[in-house]
Protein chains: 2
Amino acid sequence: MKQNLEIQIENIAKQAQAASRALAVLSSTVKNTVLKDMAIALLGNQAIILKANQKDISKSHGENKAFIDRLSLNAARIKQMADSLLAIAKLKDPVGEVIRAWNTVSGLSIHKARTPIGVIAIIYESRPNVTSDCIGLGFKSGNSVILRGGSQALNSNLAIFNVLNQVLQKHHLAEGAINLIATANRKAVDYLLKLNNYIDLVIPRGGEELIKKVVRASAIPVIKHYKGICHVYVDEAADLNMAQNICFNAKCQRPGVCNAMESMLVHRDVAARFLPGMLKKFRESKVEIRGCAFTRKIASWAKRATARDYRTEYSDLILSVKVVEDLDAAIAHINEYGSHHSDSIVTDNNFAAGKFLKQVDSACVYLNASTRFTDGNQFGMGAEIGISTDKLHARGPMGLEELTTYKYMVYGSGQVRP
Amino acid sequence: MKQNLEIQIENIAKQAQAASRALAVLSSTVKNTVLKDMAIALLGNQAIILKANQKDISKSHGENKAFIDRLSLNAARIKQMADSLLAIAKLKDPVGEVIRAWNTVSGLSIHKARTPIGVIAIIYESRPNVTSDCIGLGFKSGNSVILRGGSQALNSNLAIFNVLNQVLQKHHLAEGAINLIATANRKAVDYLLKLNNYIDLVIPRGGEELIKKVVRASAIPVIKHYKGICHVYVDEAADLNMAQNICFNAKCQRPGVCNAMESMLVHRDVAARFLPGMLKKFRESKVEIRGCAFTRKIASWAKRATARDYRTEYSDLILSVKVVEDLDAAIAHINEYGSHHSDSIVTDNNFAAGKFLKQVDSACVYLNASTRFTDGNQFGMGAEIGISTDKLHARGPMGLEELTTYKYMVYGSGQVRP
């Protein structure tokens, strides 16, 4: 006999699938009205949400400062969550968009039209604002969502979920359009990942270990956001002032995030001119350098880089530095050691730029700009549900459009196949 | 220590990945020239290929007629294979296409550009023509392919592969762009499916059991082509003559294929008018009917349909028939029992048509046409590598475009994130 929790999770997924059929045909007007009401409800229920959040925080006294910071809500953050919902309401509805339309020789008219994916499960860290962001993006793109947030944010997530679900109920929308798995029991995720008959996509966010675990256990397709091992390559034809600005920004502006630079590559013909000033600047900002032999000749204080360093996402003020033979060596290094996330070349040589952008096998490839721009908001998508390091379905920042698929709607007048 | 075969397979995959980097930047002109030379080489080496094919056929005397038919080559079929390569040469190259381009407030110019996926493994049945089709489609879309055909076609596949690979060598193209796993050892597939560091996508074709096995074993993303349980729903507002033509074509024109109708749904208000003539016509063509109670009142000779019938892909002259309450019941039945492949409504009612096309959750949804049109050639894609019943990445017939992904190429002039 199935365990009780397993049956509960299966019922949630079944209900989510049923609700997704109704969501798929909701008009944009209705969806936008609901999103605006959700924003109002968040602000109106601030006290309840903050009280629940306080409960979560008081239970997390063993955690580090960064963890508590991500977990904590306040009036300004709830305002931000509400603003995100309003921003999502303003975005173009992707559902129903005809991507392409053509007629066939048999006289059929074929419309390749955007549709919701169906049911999307999102597993995420203890960050309560993600709860409302995912509900907003999922709802606008016509998908049912099943949310499973970090257990240490359970009270906060439940409070936010209840406030938003009441708005759906007020509008008499199908129960099951949004779902929260409100248990700290880790088995819940195991059960969820088996339900490929009801759930169409799993998006795990958070640490690499969690993502690997989900991939191993899941019978459902997974879109992954693995590490961000991002590079800036300073070409022989680089404007070295620009290169210094870009490298410094890519490493130091916010070192803890996935689009920060972890590895800097420098063409050997400019290394002697570029590295002394650059490394001095990093040292002044307390960036630990782990360099190749050439780098350590210039900066004797630098540590020695190992192959392992070149595969490491430090998420901290640490940088690996390597001097390379040429452009081909830089491209080969990035494709071998990188994580296919975001990589940049600084150069004034159009040929080198074109080759780099074509051959580096990453979601986002930059010419003369910081890797820190890889972000749904910076890209003008309004909001993002994550950044995919996969190649299939969605790559890079994922917004509303990436939460849709398509179907072929074929209009005939009695055609049969000869 | 790893087994010898395992090391061989890993080396093939590594080499395929290295070759894919070179393939990704080949010009359309070079690719089209190679494809044309491949077509010529197939025709020029007809004797060698037919001899190898004869060897395969002579070993397969225990197999049924349909199997032998799929395995057998002759001059006309080799001509068809060559024609397919020429057709692929004429298709627009998807690689490099800028899907969308825009500027951001920070002054970046973002190009969302189509790129090859990388390395694609294709596991398929004993049909030698698939070998050259997959090589042609993979090469034109800039992907390395690793082919594993049915072991009973091994000699034929090897002959075709050698002929085509010699053309690549003549053009001095990277070794490893096309690969054939030339062993009958079933372990080869197990080894292949573990190589997620080198292979980006697996496309299994063939029986449901094979596909399920691949999905279970694979650490690599899989695009599946499961069953085709296709429906035609005859609405209360259908032109009943048109409905009879469409249903007859969908069932009888080629019953063994995935886009043939397996289940016919009829609105109860037209059942008494529509079913007698329709069922008589099916009976005359030796179609076995498995019907609901209502159907069996009209045709006492029909067998009783079980829930299992409604979930069965007969691939034969057998049809399940069900009379339904209304449009909603038809949609619910299709979403519950179908395989999300191809489903059609026959109606003159625009509202019913719109609801059906929107709510039926299938890759191809038809109004007033036979489901038999779901096919890359019929859709005007030139060729197809399969039909996806998945929702992610590619849905429905898969041509060149579906063998690509995208990357964001971001052009800056020194931008750093504030």
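**Exercise 1. The contact between chains A and B**

Task: In this predicted model, find how many residues each chain gives to the contact, and which elements of chain A take part.

Solution. 
- Step 1. Count each side. Chain A puts in 55 residues, and chain B puts in 55 residues.
- Step 2. List the elements of chain A that give two or more residues to the side touching chain B. They are helix 10 (240-252), helix 15 (350-359), strand 13 (364-369) and strand 16 (404-415).
- Step 3. Pick the top contributor. Strand 16 of chain A gives the most, with 11 residues.
- Step 4. Sort the side of chain A that touches chain B by class. It has 26 nonpolar, 20 polar and nine charged residues.

**Exercise 2. Strand pairing across the chains**

Task: Determine how strand 16 of chain A is joined to strand 13 of chain B, and name the bridge partner of Val410(A).

Solution. 
- Step 1. Count the bridges. Five of them join strand 16 of chain A to strand 13 (residues 364-369) of chain B.
- Step 2. Read the direction. These two strands run parallel.
- Step 3. Locate the partner. Val410(A) is bridged to Tyr366(B) in strand 13 of chain B.

**Exercise 3. Two packed helices**

Task: Describe how helix 3 and helix 7 of chain A pack, using their axes and contact residues.

Solution. 
- Step 1. Two packed helices are described by the angle and the distance between their axes.
- Step 2. Apply them. The axes of helix 3 (residues 46-58) and helix 7 (residues 154-170) of chain A come within 7 Å and cross at roughly 160 degrees.
- Step 3. Classify. Angles over 145 degrees count as roughly antiparallel, so helix 3 of chain A is roughly antiparallel to helix 7 of chain A.
- Step 4. Assign the hand. Helix 3 of chain A passes helix 7 of chain A in a right-handed crossing.
- Step 5. Name contact residues. Helix 3 of chain A contributes residues including Ile48(A), Ile49(A) and Ala52(A). Among those of helix 7 of chain A are Leu158(A), Ala159(A) and Val163(A).
- Step 6. Sort by class. The contact of helix 3 with helix 7 of chain A has eight nonpolar, three polar and two charged residues.

Note on methods:
Residues are numbered from 1 along each chain as its sequence is written. Chains are lettered from A and ligands numbered from 1 in the order in which they are written. This is a predicted model: local features need pLDDT of at least 70, side-chain atom pairs count only at pLDDT 80 or more; totals for chains, interfaces and linings use all residues. Axes are lines fitted to C-alpha atoms, for helices over the stretch in contact, and angles run from 0 to 180 degrees between N-to-C directions. Helices (H or I, at least four residues) and strands (E, at least two) are DSSP runs, numbered from the N terminus. Angles under 35 degrees count as roughly parallel, over 145 as roughly antiparallel, 65 to 115 as roughly perpendicular and the rest as oblique. A crossing is left-handed if the near helix is turned anticlockwise from the far one by less than a right angle, and right-handed if clockwise. Two residues are in contact if their C-beta atoms, placed from the backbone, lie within 7 Å. Ala, Val, Leu, Ile, Met, Phe, Trp, Tyr, Cys and Pro count as nonpolar, Asp, Glu, Lys and Arg as charged, and the others, Gly among them, as polar. Two strands pair if DSSP finds at least two bridges between them.
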